[in-house]
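This report goes through one structure in short sections, beginning with a single residue and ending with the relation between the two chains.

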Protein chains: 2
Amino acid sequence: MASEVFNGRLISVRVDDQGLELVAHPPAVVMVALEESGDVWLVRSRRPVPEQTLVEVPAGLIDPGESPAEAARRELHEECGLEAERWEELASAYSSPGFCDERVHVYLATGLRHVGGEEPAGAVEEKFPAGIEEALRLCSANLQSLAALLLASRRLARGGGAGHPG
Amino acid sequence: MASEVFNGRLISVRVDDQGLELVAHPPAVVMVALEESGDVWLVRSRRPVPEQTLVEVPAGLIDPGESPAEAARRELHEECGLEAERWEELASAYSSPGFCDERVHVYLATGLRHVGGEEPAGAVEEKFPAGIEEALRLCSANLQSLAALLLASRRLARGGGAGHPG
């Protein structure tokens, strides 16, 4: 038995019978959008935690009733004005399974087309391409972005499959 | 201005003036403990979220007053009965910066010595070594473990420095 101590707009918190505080959070998508040049798209977003802007790979929450793949397509369009011909799920994993059920679906998107949405949406202040090494350096404060970039890098080093560019 | 809606043993939750729900959570350490053979140490732990056991790299929360490096040494000893001669911080990043301030310090530990603690501590049910590829497969549900393993793998591929085994 767990008792709910907070039920908010996005998250809820319960305390289980061992006193552990557990957060329920919607699942999320994180996308590595890879150009044929090898560059990936990054966004600079305002983040309430840690109250500063962070450079990240595109990401967002899955809306109720939406599949992870649908959310990934929607968020990449909203944040970067991009559509992708090929999508490959690289991981589906918990961001912090000690206390939170947020599941993160990591995608590699290739075969990119620029379809508009030139003004970044929502909390995104800027979007720009960068090489993978620079992206790893710029995204160093976001572990989800680092994981996504490293998963994509490993996927590309292995070659073959739908995720391979060009 | 943000109003606090829950203040628990480990986490607290506040709602900011835009209605965003923000979780304060202690920082954590995640360790890749690398044997000279190339194997890394994994643990199987009970996790209240998602209510099952997960295979992970050793990890834990930083206690109040403890440095990240101290916590890393303590947790590796507690969970795996290991001490390490060389420690290298591979990343210090937020696990989910959209809503939570949990900062995760990722370490590569080499020059391992087995000093006891043969009975895994706390929620850890089992500990065992595995090759990096198998570890990536076994840890596929934990994004922090995946990030740590991939950061370590990349670090080793580059060679040199204190983190290089042997």
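Leaving aside its neighbours within four places in sequence, with which residues is A:Leu42 in contact? In this predicted model, the residues in contact with A:Leu42 are A:Val55, A:Glu56, A:Val57, A:Lys127, A:Phe128, A:Ala130, A:Ala135, A:Leu138 and A:Cys139, once neighbours within four places in sequence are set aside.

A:Leu42 belongs to strand β5 of chain A, and this residue counts as buried because 24 C-beta neighbours lie inside 10 Å, where the cut-off for a buried residue is 20 or more. Between the C-alpha atoms of A:Leu42 and A:Arg73, which are 31 residues apart along the chain, the separation is 16 Å.

## Helix α1 and what it packs against

A:Arg73 is one of the buried residues of α1(A), and the others are A:Ala71, A:Ala72, A:Glu75, A:Leu76, A:Glu79 and A:Cys80. The helix itself covers residues 68-80 of chain A, and its 13 residues reach 18 Å from the first C-alpha to the last, which is close to the 18 Å expected at 1.5 Å a residue.

The buried residues of α1(A) pack against several strands of chain A, namely β4 (28-33), β5 (40-47), β7 (59-61), β8 (82-94), β9 (103-114) and β10 (124-130). Just after the helix, A:Gly81 takes a positive phi of about 65°.

## The three-stranded sheet

In chain A, an open sheet of three strands runs in the order β1-β2-β3, with antiparallel pairing. The strands β1 and β3 of chain A stand at the edges and have a single partner strand each, so one side of each is left without a neighbour in the sheet. From one strand to the next, the twist averages 25°.

The antiparallel pairing of β1(A) with β2(A) extends over five bridges, and A:Glu4 has A:Arg14 in β2(A) as its bridge partner; the two strands are joined by a hairpin through four residues. The pairing of β2(A) with β3(A), also in the antiparallel sense, extends over four bridges, with A:Val13 bridged to A:Val23 in β3(A) and A:Ser12 standing opposite A:Ala24 in β3(A). The hairpin of β2(A) and β3(A) has four residues between the strands, and A:Gly19 in this hairpin takes a positive phi near 85°.

## Where the two chains meet

Between the two chains, 42 residues of chain A are in contact with 42 residues of chain B. The elements that give two or more residues to the side of chain A that touches chain B are β1 (2-7), β2 (12-16), β3 (21-24), β8 and α3 (143-158) of chain A, and among these α3(A) gives the most, with seven residues. By class, this side of chain A has 26 nonpolar, nine polar and seven charged residues.

## How the copies are related

Terms used. Residues are numbered from 1 along each chain as its sequence is written. Chains are lettered from A and ligands numbered from 1 in the order in which they are written. This is a predicted model: local features need pLDDT of at least 70, side-chain atom pairs count only at pLDDT 80 or more; totals for chains, interfaces and linings use all residues. The expected span of a helix is 1.5 Å times one less than its number of residues. A residue is buried if 20 or more other C-beta atoms lie within 10 Å of its own, exposed if 12 or fewer, and partly exposed in between; C-beta atoms are placed from the backbone. Two residues are in contact if their C-beta atoms, placed from the backbone, lie within 7 Å. Ala, Val, Leu, Ile, Met, Phe, Trp, Tyr, Cys and Pro count as nonpolar, Asp, Glu, Lys and Arg as charged, and the others, Gly among them, as polar. Two strands pair if DSSP finds at least two bridges between them. Axes are lines fitted to C-alpha atoms, for helices over the stretch in contact, and angles run from 0 to 180 degrees between N-to-C directions.
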